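Colleague: I've got a new model open and I'd like to learn how to read it. Could you walk me through it?

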Amino acid sequence: MYDIAIIGAGPAGASAAIFAAKAGKKTVLFDHGKSMTSRAWVENHYGVTEISGPDLLETGKNQATSLGAELVTDAVVSVEKTDKGFVVKSENQQFEAKHVLFASGVLSDVAENAGVKLVPGTEPRIKTIIEVDNDGKTNVDGIWAAGTVAGVSVHTIVTAGHGAAVAINIISELNGERYVDHDVLKA
């Protein structure tokens, strides 16, 4: 069983996977290959002068997998609650996880079918979003949301930061205490 299943490998999802995997959590990251970022040119992402969206996406997925996240290139079709957590079904496989994080950009249909409450979006061209509290929790215990689908700005730096923040909240809940990852400069 995975600790965290992350649906969406764009900036929010990959960032969440980086934090979760680095924290030692068994993490699966789903990538359907249709991220909005795949069509972007980015010049406003902290620490990066300029980068194509596809290169940013590839970098994030590579960083997550190098830290131990498992990448599944497949679209998620359903999420079902069980006694132990959730069954996440993709087009070709199924996985069990204690927590599910939706970082699915503009796609909210799988979340809605899992019983997650949707509300109108506030960003231009974003019709519906997942209703979350300040920690990224939804109305379904164990299901979280981050990034554009959770109502934050579509800018990659904002969604990446939100994905990291929600991942820290999930890790903290799994650990039973607040999680902090202090990297130290290597000599």
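This is a predicted model: local features need pLDDT of at least 70, side-chain atom pairs count only at pLDDT 80 or more; totals for chains, interfaces and linings use all residues.

Colleague: Now charges. How many salt bridges does a search of the whole structure find?

Modeller: In general, side chains of opposite charge can pair when their charged atoms come close. The search finds eight salt bridges in this model. Start with K22, which meets D181 at 2.9 Å, N to O. That pair links distant parts of the chain, with K22 in helix α1 and D181 in the segment after α4, 159 residues apart. K22 also meets D183, at 2.6 Å, N to O, and those two are 161 residues apart. Together, K22, D181 and D183 are linked in a network of salt bridges.

Colleague: Is D183 buried or exposed?

Modeller: Exposed, because its relative accessible area is 59% and the cut-off for exposed is over 50%. K22, at 36%, counts as partly exposed, and so does D181, at 28%.

Colleague: What about the salt bridge between D31 and K61: which parts does it tie together?

Modeller: The closest N and O atoms of D31 and K61 are 2.8 Å apart. D31 lies in the loop between β2 (27-30) and β3 (41-42), and K61 lies in helix α2, so the pair ties together parts that are 30 residues apart in sequence. D31 is buried, at 10% relative accessible area, and K61 is buried too, at 13%.

Colleague: On to strands. How many of the residues of β7 are buried?

Modeller: Four of the five residues in β7 (86-90) are buried. To read a strand, look at its partners on either side. β7 pairs with β6 (76-81) in the antiparallel sense over five bridges, and V79 stands opposite V88. Four residues separate β6 and β7 in their hairpin, and G85 in the turn has a positive phi of about 155°. β7 also runs antiparallel to β8 (94-102), joined by four bridges, with K89 opposite Q94.

Conventions. Residues are numbered from 1 along each chain as its sequence is written. Side-chain values use heavy atoms; hydrogens and water are left out. Buried means under 20% relative accessible area, exposed over 50%, partly exposed in between (1.4 Å probe, protein chains only). Two strands pair if DSSP finds at least two bridges between them. A salt bridge is a side-chain nitrogen of Lys or Arg within 4 Å of a carboxyl oxygen of Asp or Glu.
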